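Subject: Structure handover

Hello,

Here is the structure for your files. My notes on it follow below.

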Amino acid sequence: MNEKQKKLTFIDLFSGIGGFRLGMELAGHKCLGHCERDKFAEKSYRAMHNIKVGEWYAEDITKVNAGELPKADCWCFGFPCTNISTIGKQEGLHGRQSGLFFEVIRLLEQTKKENRPQWLFIENVRNLLSIEKGFDFAEILLVLDKIGYDAEWQVLDSANFGVPQHRERLYIIGHIREKSSIKIFPISPKTQSEKIRHIGYRVFDTNGISPTITTHGGGKYSIKVLNEKDKSARRLTPKECFRLQGFPDDYFERAKSVNSNLQLYKQAGNSVTVNVVYEIAKRIGI
């Protein structure tokens, strides 16, 4: 951790398997608790991160009251993209799943100003910028402004941060305007991504960059790797999908010990890329 960086506390909402947690912890920050509804992702999370007895946990964010939350410097959350993604009906921010964003806003409004987190660290799909002709994103900015948070944002591609996966995601940082005016963005790529080399639909060679892995990683929409010797193709393994999201192999092995391949593919596809979180997290608190 940079010696000029303050060690922050954070909570991990919509935590999935903990991509936010690992990236933040690698930057020196401390997790106080998490919230996750999917029982299979929760099993992986607990196995991967060795959750200690007494750490705060909630299953359903809609049933959480602000008074239950530990006071933290930062709230991290990649709220559901189900109604925002280009794959699906695109009901927008007020869809049933993606509308859970407003549960976080409810908790912030219920929290006394002096106890609100200084930072909000948010992730979602790039389409959040343009769905509903941009009005949904504008609503997010207005809602954050109303409760006292300035916001900045940037679309970052995981392929530029040490993993061979083309995965463009929107990252938003909110910070209380009375406490901080430090700018996190823009962040320059850490590596130069190669041109994506495809050999047909969702097939790539081992020297190229993988397309975005999804929750259907093991199904008929699976990404396949080309065998250069005989030109055959095989699907990515769950371990490879975890690697493409920046998880070390020992974290994968812990998840594997408690979940099926079907769930592991889904969990990797739902995760935020650890490497990108880490690069942003290093700037938070400076």
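Which ring does the charged end of arginine 46 sit over? The ring is that of tyrosine 57, with the charged end 4.9 Å from its centre. A charge sits over a ring if NZ of Lys or CZ of Arg is within 6 Å of the ring centre and within 35 degrees of the ring normal. Arginine 254 likewise lies over the face of tyrosine 251, 4.6 Å from the ring centre.

The model is predicted: local features need pLDDT of at least 70, side-chain atom pairs count only at pLDDT 80 or more, and totals for chains, interfaces and linings use all residues. Residues are numbered from 1 along each chain as its sequence is written, and side-chain values use heavy atoms, with hydrogens and water left out.

Aromatic pairs

Rings of Phe, Tyr and Trp (its six-membered ring) pair if their centres lie within 6.5 Å; planes under 30 degrees apart count as stacked, over 60 as edge-to-face and the rest as tilted. The count by this rule is seven aromatic pairs. For phenylalanine 79 and phenylalanine 101 the ring centres are 5.1 Å apart and the planes stand at 50°, so this pair is tilted. Phenylalanine 79 is in the loop between strand S4 (74-77) and helix H3 (101-110), and phenylalanine 101 is in helix H3, 22 residues apart. Helices (H or I, at least four residues) and strands (E, at least two) are DSSP runs, numbered from the N terminus. Both phenylalanine 79 and phenylalanine 101 are buried (under 20% relative accessible area; exposed is over 50%, partly exposed in between; 1.4 Å probe, protein chains only).

The rings of phenylalanine 242 and phenylalanine 252 also have centres 5.1 Å apart, but with planes at 70°, so that pair is edge-to-face. Phenylalanine 242 belongs to helix H5 (residues 238-244) and phenylalanine 252 to helix H6 (residues 249-256), so the pair ties together parts ten residues apart in sequence. Phenylalanine 242 is buried at 1% relative accessibility, and phenylalanine 252 is buried at 4%.

Phe77, Phe79, Phe101 and Phe102 form one aromatic cluster.

Sheet

Three strands make an open sheet in the order S8-S9-S10, with mixed pairing (two strands pair if DSSP finds at least two bridges between them). Its edge strands are S8 (203-204) and S10 (233-235), each pairing on one side only. S8 and strand S9 (residues 224-226) pair in the parallel sense over two bridges. Phenylalanine 204 has valine 225 in S9 as its bridge partner.

Regards
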